[in-house]
Amino acid sequence: MITYLRLEVLRVIRNSRYLFLSLVTPVGFYLLFSSLFGSQPAEGLKQSVQLMVSMAAYGAIGAVLFATGPRVAAERGSGWLRQLRTTPLPAGKVIAAKVLAAMALGFPAVVLMSLTAALAHSVRLTAGEWAAFIALTTLGTAPFAMLGLMIGYLADGDSSYSLTLAAWFVLPAIGGLWMPLSILPKALRTIGHVLPTNRLGDLGWRIAAGHAPSASSGLILAGWTAALAVLAAWSYRRASVRDS
Amino acid sequence: MTPNAIEIHDLHRSFGAVRAVEGLSLTIGKGESVAVLGPNGAGKSATIAMLLGLLAPDAGSVAVWGMPPGEAVARGHIAAMLQEGGLMPGVKVAELVGFVRGLYPDPLPLDRVLEAAGLTALAGRHVDKLSGGQTQRVRFALALAGNPSILVLDEPTAGMDVESRRAFWTSMRAEAAAGRTVLFATHYLEEADDNAGRIVVVDRGRIVADGPATEIKAAAGGRTIRFSLAGGPSAGLEALPPA
């Protein structure tokens, strides 16, 4: 399974679309927005810090979603997952490796954003805060790995790509990663507040502000992970029947 | 008592209203080379899917190496080259074959697998950049990598050119000669006759003939078509293709 995990990571790194979407895009947005709104404070944090957290989460979520949704759909279409089922590698390990590989691919997006913020806008956190921010933002992408799996097992080729892209746009937008929740209409704000995108941002915002990350955000993310895992498992079973 | 390589008893499987497999029974001894011959839709692929535990039968039983198919797969007794078995995208040939052989308890050496599949020169190539015939060879390598006792090949030469076909069957016969049980599906009588000791003919989900290759070929080759001219002119009959 370690070899499989290694290959899963390796092949995504070799794919330039991954690099562009999940690494370059958020960094580009960060530089653009921070130069536009640089001096205004947002949600009690300096704009450059608040945006760093948002865009790190945004990039990591993109990496995780694209490493799961469209890839699983493509592998189902090509028959690779079927071929893999004729080997002794159990289905559970295949899925576990996919989740871990996807989350590992979120890590560089967070690190690159941190470096960009530190270099371009002299963002300074303590070593402990950097470590906690990078680790929690990476781990907190777990619900998105489940969402990606679900998309990959439910949708085929092109539609999985569209769904992934839609999820990567809508969830961060309503979850306050693109703009503060406070400017959204009240109904959306209520929804946005419990979305995993917002809770993932909340972990980082609190750490960057020098506070401990809130336990409720962690619990809500864990809840999303569990609920989406159940749905992903259901989609997997549905796909196994349909694809065989 | 040593079990047979494969024992299928009264197997049934439908897809909606389509009865793909209808009462198929087949026993294959260890070390046999068996061709399953039949047209598209005869139930060959569905039977193979059940043999590998990919598909659950509606009724009937399947035993592989004396155990349920899923267990035989998990223990590496059986491996397959599937008709629609894709490759992992974005990796190199040697990485992929190396990964798959690592999943088995007693795999063949990597060099040996690559050589048998004619892939030694392509080891560093990305799998996405292979031709159809080369892709088939990688699939063969994946099936062989785990050193399985039973090798199942579903229309293995589809998409191969003549030269690749010849090389493929030479390797396959060498594997069979080394004691591996080989079961392959094809719709070419010639491939079945050249490469299997025994031919099983499947039609509409059941076995309609089963015997040594020579016997089946004689029966199939002896087909006669009769028709009556009903008093019509016989001119132009010489234009019909020869038998």
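This tour walks through the interface of chain A and chain B, then stops at one arginine. The model is predicted.

**Stop 1: the two chains.** Show chain A and chain B in two colours. Here 27 residues of chain B are in contact with 21 residues of chain A. The size of an interface is often given as the accessible area lost when the parts come together. Chain B and chain A bury about 2,200 Å² between them. Of that area, 66% is on carbon and sulfur atoms.

**Stop 2: three residues of chain B.** Select B:Leu54, B:Met88 and B:Phe99. They supply 29% of the area that chain B buries against chain A, more than any other three residues.

**Stop 3: the salt bridge.** Across this interface the rule finds 1 salt bridge. Select A:Arg14 and B:Glu95 to see a salt bridge, with the closest N and O atoms 2.9 Å apart.

**Stop 4: the side of chain B that touches chain A.** Which of them gives the most? Helix 3 does, with 4 residues. By class, this side of chain B has 19 nonpolar, 5 polar and 3 charged residues.

**Stop 5: A:Arg11.** Go to helix 1 (residues 2–13) of chain A and select A:Arg11. Is A:Arg11 buried or exposed? Its relative accessibility is 2%, so A:Arg11 counts as buried. Leaving aside neighbours within four places in sequence, A:Arg11 is in contact with residues including A:Arg71, A:Glu75, B:Met88 and B:Pro89. B:Met88 also belongs to the trio from Stop 2.

How values were computed:
Residues are numbered from 1 along each chain as its sequence is written. Chains are lettered from A and ligands numbered from 1 in the order in which they are written. This is a predicted model: local features need pLDDT of at least 70, side-chain atom pairs count only at pLDDT 80 or more; totals for chains, interfaces and linings use all residues. Side-chain values use heavy atoms; hydrogens and water are left out. Contact means heavy atoms within 4.5 Å. Buried area is the accessible area (1.4 Å probe) that two parts lose on being put together, summed over both. A salt bridge is a side-chain nitrogen of Lys or Arg within 4 Å of a carboxyl oxygen of Asp or Glu. Helices (H or I, at least four residues) and strands (E, at least two) are DSSP runs, numbered from the N terminus. Ala, Val, Leu, Ile, Met, Phe, Trp, Tyr, Cys and Pro count as nonpolar, Asp, Glu, Lys and Arg as charged, and the others, Gly among them, as polar. Buried means under 20% relative accessible area, exposed over 50%, partly exposed in between (1.4 Å probe, protein chains only).
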